[in-house]
Amino acid sequence: MSRLVEKVIEENESLLRDISEKIWLNPELSFHETYAHDLLTTTLEKFGFVVEKQYILPTAFRAEFCNDKDRPTIAIICEYDALPEMGHACGHNLIAEIGLAAGIAVKAAMESDSSICGKVVILGTPAEEGGGGKIKLIENGAFTDIDAALMAHPQMNNILYPLILDLARVTVTYKMKEDLDPWEDVNANDAAVACYNNVAIIRQGFNPRWRLNLVGTFSYNPIHSNYPIFPKLQRPQDFSAELPS
Ligand SMILES: [Zn+2]
């Protein structure tokens with residue numbers, strides 16, 4: 001069976017590489033991955049999958065192949081969105097290629113041996129760099145009938161149990177009254193700087209698996225133009241995306 005899987009992937013090597021390079025050369029932001037969506041879904045149709053385009057989200061898709069019974073149902077996930085200015089920084093074009101390769105190989109294996117029962121689902125999940133595409137798919141039942149879901153993410157090394165960090169986004173805004181002189185109220189800017197310094201001191205005691213980063217932004221008091229008001233502390237390099245309406 002593993003020979004057959006290798007053979008199918010080898011036979012389609014140039015096609016898979018071509019798809020990956022096309023997605024790499026056409027980076028699309030969260031919820032706008034129409035090129036990747038169309039490229040992957042037409043390819044899956046050519047390989048005989050039953051494809052539902054624009055599945056729940058405009059750039060998500062679901063492609064299925066079933067042998068006799070539809071349990072267990074195993075999902076293989078494709079990601080394909082990119083980052084602003086950077087493009088495919090962590091290689092979601094490769095995640096799409098790997099998901100497609102795994103899907104066509106599993107389908108070939110199931111077709112070669114009718115005793116393999118179950119369903120393979122290739123799930124296209126958009127908006128992973130920001131926007132929480134999988135969260136929206138989960139909330140709308142995309143994983144309800146899935147028994148197990150697999151995805152491969154490119155990395156410099158092979159890691160069986162990768163360290164995965166959760167992300168919590170917090171913005172702290174310090175406010176003071178705009179119509180008071182600086183000596184008449186506590187200084188919001190000083191409070192923000194004091195918070196930053198204290199966080200910088202305590203984070204050396206954090207568990208090495210934890211990360212905490214901050215940046216400060218300041219908006220200026222229109223009355224006292226040299227006097228910042230409403231300083232904000234937030235995580236740096238946050239990129240968030242909204243579903244287009
Ligand atoms: Zn990634």
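L4, V5, V8 and I9 of helix α1 meet A101, I104, A105, A108, A109 and S112 of helix α4, where a contact requires the C-beta atoms of two residues, placed from the backbone, to lie within 7 Å. By class, the residues of this contact comprise 9 nonpolar, 1 polar and no charged; Ala, Val, Leu, Ile, Met, Phe, Trp, Tyr, Cys and Pro count as nonpolar, Asp, Glu, Lys and Arg as charged, and the others, Gly among them, as polar. The structure is a predicted model, in which local features need pLDDT of at least 70 and side-chain atom pairs count only at pLDDT 80 or more, whereas totals for chains, interfaces and linings use all residues. Residues are numbered from 1 along each chain as its sequence is written.

Two packed helices are described by the angle between their axes and the distance between the axes. The axes of α1 (residues 2-11) and α4 come within 9 Å and cross at roughly 130 degrees. Axes here are lines fitted to C-alpha atoms, for helices over the stretch in contact, and angles run from 0 to 180 degrees between N-to-C directions. The two helices, α1 and α4, are therefore oblique to each other; angles under 35 degrees count as roughly parallel, over 145 as roughly antiparallel, 65 to 115 as roughly perpendicular and the rest as oblique. The crossing of α1 and α4 is right-handed, a crossing being right-handed if the near helix is turned clockwise from the far one by less than a right angle, and left-handed if anticlockwise.

The protein chain as a whole contains 6 helices and 8 strands. Helices (H or I, at least four residues) and strands (E, at least two) are DSSP runs, numbered from the N terminus. Along the sequence they follow the pattern α-α-α-β-β-β-α-β-α-β-β-α-β-β.

Five of these strands form an open sheet with mixed pairing, in the order β1-β2-β4-β3-β5. Its edge strands, β1 (50-52) and β5 (148-150), each pair on one side only; two strands pair if DSSP finds at least two bridges between them. Neighbouring strands of this sheet are turned by 20 degrees against each other on average, direction ignored.

Strand by strand, β1 and β2 run antiparallel and are joined by 3 bridges, with E52 opposite R62 in β2. The pairing of β2 with β4 is also antiparallel, over 7 bridges, and F65 has V120 in β4 as its bridge partner. Strands β3 (residues 73-78) and β4 (residues 118-124), in contrast, run parallel and share 6 bridges. In this pair, T73 is bridged to K119 of β4. Helix α3 (residues 34-46) packs on the sheet and touches β1, β2 (61-67), β3 and β4, its direction making about 15 degrees with that of β2. Helix α4 (residues 92-112) packs on the sheet as well, touching β2, β3 and β4, and its direction makes about 150 degrees with that of β3.

Most residues other than glycine have a negative phi. F31, in the loop between α2 (13-25) and α3, has a positive phi near 70 degrees. F31 counts as buried because it has 21 C-beta neighbours inside 10 Å; the cut-off for buried is 20 or more other C-beta atoms within 10 Å, for exposed 12 or fewer, with partly exposed in between. Q54, in the loop between β1 and β2, has a positive phi near 50 degrees. Q54 is partly exposed, because 14 other C-beta atoms lie within 10 Å.
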